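Let's take a walk through this structure together. Have a look at the model first, and then we'll go through its parts.

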Number of protein chains: 2
Amino acid sequence: MTDYRAQCWAEMPALITAVQAAGDRIGLPYVAAQADLGDPEPMSDADGKPYAETSFHWVDPDHAYWRDRKLALHIAFLTAARLVAEPFFYSDGRLRTWRPTQLLEAVDCEQAKNTPNFGEAIIAPVHLPRGLVGAVFWCSREPVGVESLFERHAGDLHNLALKLVATHNEARGRPRNATVPQTLTRREVQCLRWAAAGKTDGEIGIILSLSVSTVRFHLRNAAAKLGATGRAQSIQIAAGLGFVGARAA
Amino acid sequence: MTDYRAQCWAEMPALITAVQAAGDRIGLPYVAAQADLGDPEPMSDADGKPYAETSFHWVDPDHAYWRDRKLALHIAFLTAARLVAEPFFYSDGRLRTWRPTQLLEAVDCEQAKNTPNFGEAIIAPVHLPRGLVGAVFWCSREPVGVESLFERHAGDLHNLALKLVATHNEARGRPRNATVPQTLTRREVQCLRWAAAGKTDGEIGIILSLSVSTVRFHLRNAAAKLGATGRAQSIQIAAGLGFVGARAA
DNA sequence: CCTTATCCTGACACAGGTGTCAGCTTGTCT
DNA sequence: AGACAAGCTGACACCTGTGTCAGGATAAGG
């Protein structure tokens with residue numbers, strides 16, 4: 001384990017304590033954290049013990065929520081955490097944030113509504129480079145006026161969540177390819193973006209007035225620079241680092 | 001333009017003003033913002049006018065930085081903004097954040113060091129779902145003790161940057177496929193994750209003890225649910241929503 | 001002048017992915 | 001019992017991507 005990772009592990013106890021203490025302070029004392037929504041296991045310490053067991057309080061302490069695939073935590077809140085990056089809150093059977101957001105309102109909260117002993121929640125999603133997504137959830141058993149709590153505390157909670165999730169992932173050495181890639185040329189980026197839009201090499205050639213061989217040449221170079229094996233990984237890594245962006249090239 | 005997008009555009013003036021005012025207040029009054037690092041154009045208003053021209057102050061007001069590919073903004077800071085999600089600062093020729101971070105220290109700042117009239121900076125990267133990456137930069141011409149400014153203000157600056165970049169992208173209707181996808185089944189996610197790790201359908205079949213046809217079946221279903229055209233897009237979208245995560249399936 | 005980087009292009013064999021068609025079993029819920 | 005979802009498997013034609021080989025032109029910097 002490198003020094004950097006050891007230092008990150010050393011930061012974890014204070015961060016975990018701060019996250020639970022923040023929940024206690026504002027009236028949402030039931031806390032859960034996921035470092036990686038692609039991994040169903042909960043956030044754990046260096047010895048593999050889940051913080052859910054050692055440090056966080058949960059709505060139902062005897063209920064290992066991460067083993068229950070039907071708990072609200074697994075559906076609406078997780079779905080929403082994948083789709084937005086800004087903190088949001090749950091009350092009155094729906095998800096909202098500081099401004100009207102179409103996506104959050106489209107998330108089906110039926111299951112959360114039907115969960116007994118569950119009041120309100122503030123959720124801070126954490127989107128990291130290379131497609132890593134985590135989240136922290138502060139919850140209550142009864143309604144506590146979460147909307148005003150959200151207005152006053154969401155920013156700080158989000159900052160805490162970002163530090164916690166980013167530090168934990170770095171402590172675990174995730175993602176493994178977290179290196180500074182070589183600079184991509186203008187053509188490499190162009191070809192990657194059209195490939196990300198689903199175009200074949202032939203189609204890209206037509207679009208950019210290049211031969212298929214030239215397009216392949218640039219895509220292969222880009223793949224080598226990004227440390228990718230194949231077209232799909234090139235695109236995934238490039239997208240995860242923001243090279244692809246929102247619009248087709 | 002839908003109501004949601006109109007509401008987002010309506011939020012923009014106050015957010016832009018807040019971002020510039022925050023920089024003015026703490027002594028880093030030269031501000032730049034990118035909503036999408038995959039798009040070289042700067043953040044603009046609903047009429048297409050760059051905020052860099054109408055609202056933000058820059059180190060060299062006559063110098064359209066977004067047209068200069070060699071400016072510090074294009075290299076070290078942008079590279080770093082792609083690689084980390086936590087705010088960071090530039091001083092003494094290097095990038096640092098609130099804790100030692102290997103990645104930031106590996107970013108080559110030679111060009112920033114050699115940029116005349118450039119002092120220190122705080123950078124707030126913004127990583128959004130589906131691979132959208134933006135950033136806000138607060139800069140000075142001379143050193144201003146940015147390390148202590150960072151300690152006191154980074155959290156608030158980051159929250160401002162997140163609101164600004166997320167709202168601006170939503171105002172523009174980016175990304176176009178920002179919808180709630182259908183729920184993926186356990187096998188669909190498993191197959192996607194191995195495919196994201198670069199495995200062929202045959203290799204995935206061996207790993208999961210399934211036939212090639214079954215693997216293809218699950219990947220095709222997943223592609224349809226995600227609205228993807230082809231394997232590469234399936235993987236990109238799944239990764240951008242955190243389904244792939246940090247470790248090979 | 002030389003080196004390097006970037007961009008460009010072609011050929012060919014082979015592996016992998018796509019599209020479309022067909023079928024089946026098991027478990028859960030009404 | 002029936003409907004539905006999830007999971008499973010095969011065949012075949014065809015397109016696309018990969019890997020490896022070859023070559024060239026232009027611009028910038030030392």
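Which residues line the second largest cavity? From chain A they are A:Ala85, A:Pro125, A:Val126, A:His127, A:His158 and A:Leu162, and from chain B they are B:Ala85, B:Pro125, B:Val126, B:His127, B:His158 and B:Leu162. A cavity here is a set of points on a 1 Å grid over the protein atoms alone where a 1.4 Å probe fits but cannot get out, and lining residues have an atom within 4 Å of a point.

A quick word on the ground rules: this is a predicted model, where local features need pLDDT of at least 70, side-chain atom pairs count only at pLDDT 80 or more, and totals for chains, interfaces and linings use all residues. Residues are numbered from 1 along each chain as its sequence is written, chains are lettered from A and ligands numbered from 1 in the order in which they are written, and side-chain values use heavy atoms, with hydrogens and water left out.

Back to that second largest cavity: it holds about 90 Å³ of space, a volume being the space filled by probe spheres set on grid points joined across faces, edges and corners. (Helices, H or I with at least four residues, and strands, E with at least two, are DSSP runs numbered from the N terminus.)

The largest cavity has a volume of about 140 Å³. Of its 20 lining residues, A:Gly131, A:Gly240, B:Leu128, B:Gly131 and B:Gly240 are the closest to the centre. Helix H10 (231-240) of chain A and helix H10 (231-240) of chain B each bring at least two residues to this lining.

Now for chain A itself.

Strand E2 (residues 88-91) of chain A pairs with E3(A) over three bridges, and A:Ser91 stands opposite A:Arg94 in E3(A).

How values were computed
1 Å grid on protein atoms, 1.4 Å probe; cavity = no way out; pocket = protein on both sides within 12 Å on 5 of 7 lines; lining within 4 Å. Pairing = 2+ DSSP bridges.
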